[in-house]
Amino acid sequence: MRQTVHGRRVAVTGAASGIGAATARKLIADGWRVACLDRNIDGARATAGDRGICVPIDVADEPSTVAAFAQVREAFGGLDALVTAAGVIETTPFLDTSVEQFRRLFDINVIGSFLSVREGAKQMQPGSRICMVASISSYTGGGYVATGSYATSKGAVLTMMKSCARALGDKGIAVNALAPGFIDTPFVASAMSDPVRRAQVVAAVGKVGTAEQIAECAAWLISPGADFVHGSTLIADGGVLMH
Ligand SMILES: NC(=O)c1ccc[n+]([C@@H]2O[C@H](COP(=O)([O-])OP(=O)(O)OC[C@H]3O[C@@H](n4cnc5c(N)ncnc54)[C@H](O)[C@@H]3O)[C@@H](O)[C@H]2O)c1
């Protein structure tokens with residue numbers, strides 16, 4: 001018999017906006033019990049509505065992340081899935097990039113993913129699933145809008161996904177990554193507000209995706225239907241990489 005997702009418990013980081021918000025909304029609509037985690041608590045509350053819960057978190061901060069996942073455990077009694085979508089972009093050209101900027105990206109995109117998976121996995125049983133949001137810039141090294149420091153941080157997320165898959169696989173927890181291409185969210189809105197830049201990007205990538213399209217992929221990766229998928233990366237980029 002096919003397993004249902006109804007009543008399963010999931011935490012989504014970055015749930016206030018863009019891909020995380022679209023994912024959380026889809027999961028709520030599909031019948032999941034959803035914890036919307038974000039440092040933007042008003043945004044997380046708006047996503048959660050009256051069917052989910054919202055929890056403040058700064059994923060780059062260890063005490064904040066530990067406390068946020070403790071709050072989720074208190075509310076749900078554990079987790080069946082996690083989507084790590086909190087992240088920041090960096091558009092500063094390579095030669096102008098400061099160590100401070102580079103570290104900020106790593107604190108949020110890399111350490112933030114690590115802490116979220118560590119704390120989420122502690123309250124999971126066998127059969128649970130984790131989806132870590134990376135980026136196709138992990139493969140391209142940047143370009144289009146994001147620059148090298150961002151791409152490097154997402155490359156680290158992909159490598160971390162594999163090590164998490166190795167570490168948690170024995171416990172029956174599946175870990176995969178999702179690598180979106182260019183997606184129209186507030187994340188890239190400032191760069192895309194320039195019509196010339198937008199035209200260049202669209203010419204380079206062919207098309208720009210939506211957060212809802214990526215939410216479909218995240219929802220599948222944490223669904224029972226993906227139960228033989230482990231340690232893999234799903235690229236959703238409209239055909240840019242043909243990887
Ligand atoms: N938009 C794209 O083109 C694209 C492409 C590939 C990958 N991604 C990745 O998808 C993820 C989501 O991006 P998006 O486009 O939805 O961006 P977004 O800016 O719309 O949403 C990101 C969310 O993360 C939250 N966040 C940022 N730092 C945080 C922190 N320290 N603690 C808690 N929450 C924090 C923000 O408040 C925001 O709600 C990111 O990891 C990004 O790298 C985006």
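Two strands pair if DSSP finds at least two bridges between them. Helices (H or I, at least four residues) and strands (E, at least two) are DSSP runs, numbered from the N terminus. With those terms in hand, here are the close-ups. This is a predicted model, where local features need pLDDT of at least 70 and side-chain atom pairs count only at pLDDT 80 or more, while totals for chains, interfaces and linings use all residues. Residue numbers start from 1 along each chain as its sequence is written.

**View 1. The open sheet has seven strands in the order β3-β2-β1-β4-β5-β6-β7, with parallel pairing.** Its edge strands are β3 (53-56) and β7 (233-236), each of which pairs on one side only. From one strand to the next, the twist averages 20°. For this and later angles, axes are lines fitted to C-alpha atoms, for helices over the stretch in contact, and angles run from 0 to 180 degrees between N-to-C directions.

**View 2. Strand β5 (residues 124-133) is largely enclosed by the rest of the structure, because seven of its 10 residues are buried.** A residue is buried if 20 or more other C-beta atoms lie within 10 Å of its own, exposed if 12 or fewer, and partly exposed in between, with C-beta atoms placed from the backbone. Five bridges tie β5 to strand β4 (residues 79-84), and the two run parallel. Look for L79 opposite M124 in β5, and for A81 with its bridge partner R129. Strand β6 (residues 174-180) also runs parallel to β5 and is joined to it by five bridges. There, M132 stands opposite A177 in β6.

**View 3. Helix α4 (residues 99-121) carries the chain from β4 to β5 in a right-handed β-α-β crossover.** A crossover is right-handed if, with the strands pointing away from the viewer, the path from the first strand over the helix to the second runs clockwise. Helix α4 packs on the sheet and touches β1 (9-13), β4 and β5, and its direction makes about 175° with that of β4. Contact here means that the C-beta atoms of two residues, placed from the backbone, lie within 7 Å.

**View 4. Helix α3 (residues 62-76) crosses α4 at roughly 35°, and their axes come within 9 Å.** This crossing is right-handed; a crossing is left-handed if the near helix is turned anticlockwise from the far one by less than a right angle, and right-handed if clockwise. E62, T65, V66 and F69 in α3 meet L115, S116, E119 and G120 in α4. Zoom in on F69, which is buried, with 26 other C-beta atoms within 10 Å. Leaving aside neighbours within four places in sequence, F69 is in contact with E119, G120 and Q123. F69 and A35 are 34 residues apart in sequence and 9.5 Å apart in space, C-alpha to C-alpha.

**View 5. Helix α1 (residues 18-30) and helix α9 (residues 211-221) pack at an angle of about 60°, with axes 8 Å apart.** The two helices are therefore oblique to each other, given that angles under 35 degrees count as roughly parallel, over 145 as roughly antiparallel, 65 to 115 as roughly perpendicular and the rest as oblique. Helix α1 passes α9 in a right-handed crossing. Residues of α1 including G18, I19 and K26 meet residues of α9, among them A211, I214 and A218. Buried residues of α9 include A211, C217 and L221. The buried residues of α9 pack against α1, β4, β5, β6 and β7.
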